[in-house]
Amino acid sequence: MFVLYETPAGYAIFKLLDEKKLKEVDNLYLEFQTPEKANSLIKLKHFQKFEDTTEALAAATAMVEGKVSKPLKKTLKKLVSDDVQNKLLVADAKLGSAIKDKLALQCVSNSAVQELMRCIRTQSESLLSGLPKKEMTAMALGLAHSLSRYKLKFSPDKIDTMIVQAQCLLEDLDKELNNYMMRAREWYGWHFPELGKLITDNIAFVKTIKLVGMRENMIHTDLSDILPEDIEEKVKEAAEISMGTEISEEDILNIQQLCDEILSINEYRTHLFDYLRTRMIAIAPNLTVLVGESVGARLISHAGSLVNLAKHPASTVQILGAEKALFRALKAKKDTPKYGLIYHAQLVGQASAKNKGKISRSLAAKAALATRVDAFGEDVQFDLGAEHKVKLESRLRFLEQGSLRKLSGTGKAQAKFEKYHGKSEVKTYESAYDNTLPSASKKRKHSESETPKKLIEEIKTEVKEEQEIPEETPKKKKKKKKQEEEEAQPSAKKVKVEEEEASFAEEPGTSEKKKKKKKKQKTEDE
């Protein structure tokens, strides 16, 4: 029974001396504790060394794909010619089936074989005595690098370093162009200040200066190739009545040289952007379809490479480029930013202010998937990016227009979305409001939302009624009080007279003189 053991340096074929030990899988590691025990159980029969790294890479890739390489085929043919009836222990079952089909050699691959391979790996230095340790480690490192490159299938077209450099150069060129244009407008503005307000396009402004020179030449120069007809007429009219200062020919020459530099930089920028577009379509087609060439290149440049960007989750892709704002918000315990570089994408720009956060989150999720397909996929095309873009556009349309949709789970509750209406702040004034004639046809019509205003006379009558109502109530109260007091006074007098009569009746022994005195006092009192 033979054992096929693969190493970075070549193929090793061992002969198993005691087959009974293979049945005791749990105690098999005890036989490999020392090199002497390992040599007593396994003996090296043949070692096929690789000539160079390319041969090692070809053998490794064939083994990964389950195929038989040429060096392995040669060694196994010698083995078959010598011992036909022996079995071959193989770690990979696919490789074993391929060897069995091609060479008609019986192969075994099970858990016991896997444990035996593990034990051989622990004592590989002593079993492979002909190979030094440094050479083995160097070959292992070289084979690992070459195999990883082969798996990712890197090609010159897939190098994203060019994208990073081109995007950084584009940003630098934009800054320089802005500085040069500001300087040219300010410099020529001393001579012809009205031209800067009439021509807003920077390139058209520079071409006009280069072609005309002095403002006196503006009338006789044909600017139809640069400017539209209406703007050309305004420029020529402004040149005749300009308030600018006079300058010399040398000044104009220097300004025109600056214009030449601006035009050359702008032309190089257009070529560089075309180069960046082609690179982005070749390297990351799905990401380019979703977010565009410029935003995709910025994301790759910010992450460092396409592979690094593919490792980021969707939440990181969403706020990539807004790190300062994120940490500032976390420090101040405020709301974190909703978008970073992805804000400049076309889909986010089309959304309204309240939906920018939602669409940027959806776009970041799809962009993360597209980036992983572009980085690690084979034969990548832009079908996935186009499909995701259609879904995002429908999602944006749904958010902008609004509709009713059942929530997942219950099916009873419905999510209500208010329609977004863009209200213009421009108010119109109707000329019919200026007419003061009392004509029924030209009266101001009230809108449905407005309530008709009350007349001044109606307001006065309502105020009087409100004032009269509280005045009536105190008068009625005073009358009631007087009636109650008048009714109470005679009743009190009657009670007094009755009490006096009762007192007279209760005193029979009193003299008549005393009675007469009391009657006189009463009459005097009355």
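A: Angles under 35 degrees count as roughly parallel, over 145 as roughly antiparallel, 65 to 115 as roughly perpendicular and the rest as oblique. Axes are lines fitted to C-alpha atoms, for helices over the stretch in contact, and angles run from 0 to 180 degrees between N-to-C directions. Helices (H or I, at least four residues) and strands (E, at least two) are DSSP runs, numbered from the N terminus.

Q: Before we go on, what kind of model is this?
A: This is a predicted model, where local features need pLDDT of at least 70, side-chain atom pairs count only at pLDDT 80 or more, and totals for chains, interfaces and linings use all residues. Residues are numbered from 1 along each chain as its sequence is written, and side-chain values use heavy atoms, with hydrogens and water left out.

Q: Okay, at what angle do H8 and H12 pack?
A: Helix H8 (residues 161-189) packs against H12 at about 155°, and their axes are 9 Å apart. H8 and H12 are therefore roughly antiparallel to each other.

Q: And which way do they cross?
A: The crossing of H8 past H12 is left-handed. A crossing is left-handed if the near helix is turned anticlockwise from the far one by less than a right angle, and right-handed if clockwise.

Q: How does H10 sit against H12?
A: The axes of H10 (residues 202-212) and H12 come within 9 Å and cross at roughly 140°. That makes H10 oblique to H12.

Q: Which residues make that contact?
A: On H10 they are Ile203, Val206, Lys207, Ile209 and Lys210, and on H12 they are Ile255, Gln256, Cys259, Asp260, Ile262, Leu263 and Asn266. Contact means heavy atoms within 4.5 Å.

Q: What about H8 and H10, at what angle do they pack?
A: H8 and H10 pack at an angle of about 45°, and their axes are 11 Å apart. H8 and H10 are therefore oblique to each other. Met181, Ala184, Arg185 and Tyr188 of H8 make the contact with Asn202, Phe205, Val206 and Ile209 of H10.

Q: New topic: how many residues are in the largest nonpolar core?
A: That core has 63 residues, and those with the most contacts inside it are Tyr188, Phe192, Leu195, Ile300, Leu309 and Leu363. H12 gives the most to this core, with eleven residues. A nonpolar core is a set of buried Ala, Val, Leu, Ile, Met, Phe, Trp, Tyr and Cys residues joined through side-chain atoms within 4.5 Å.

Q: What does leucine 363 touch?
A: Leaving out residues up to four places away in sequence, leucine 363 touches Leu290, Val291, Ile342, Ala345, Leu347, Val348 and Leu392.

Q: Where is serine 242?
A: Serine 242 is in the loop between helix H11 (229-240) and helix H12 (249-283).

Q: Is that serine buried or exposed?
A: Serine 242 is buried, with a relative accessible area of 13%. Buried means under 20% relative accessible area, exposed over 50%, and partly exposed in between (1.4 Å probe, protein chains only).

Q: Which side chain does it make a polar contact with?
A: The side chain of serine 242 makes a polar contact with that of glutamate 194, at 2.8 Å. A polar contact is a pair of N or O atoms within 3.5 Å; within protein, one must be able to donate a hydrogen and the other to accept it, and residues adjacent in sequence count only if both atoms are side-chain atoms. Not counting residues up to four places away in sequence, serine 242 touches His191, Phe192, Pro193, Glu194 and Arg215.

Q: And valine 295, where is it found?
A: Valine 295 is in helix H14 (residues 293-303) and is buried, with a relative accessible area of 5%. Valine 295 and glutamine 167 are 128 residues apart in sequence, with their C-alpha atoms 9.7 Å apart in space.

Q: Last one: what is the phi of lysine 333?
A: Its phi is near 60°, a positive value in a residue other than glycine. Lysine 333 is in the loop between helix H17 (323-332) and helix H18 (346-350), and is exposed, with a relative accessible area of 76%.
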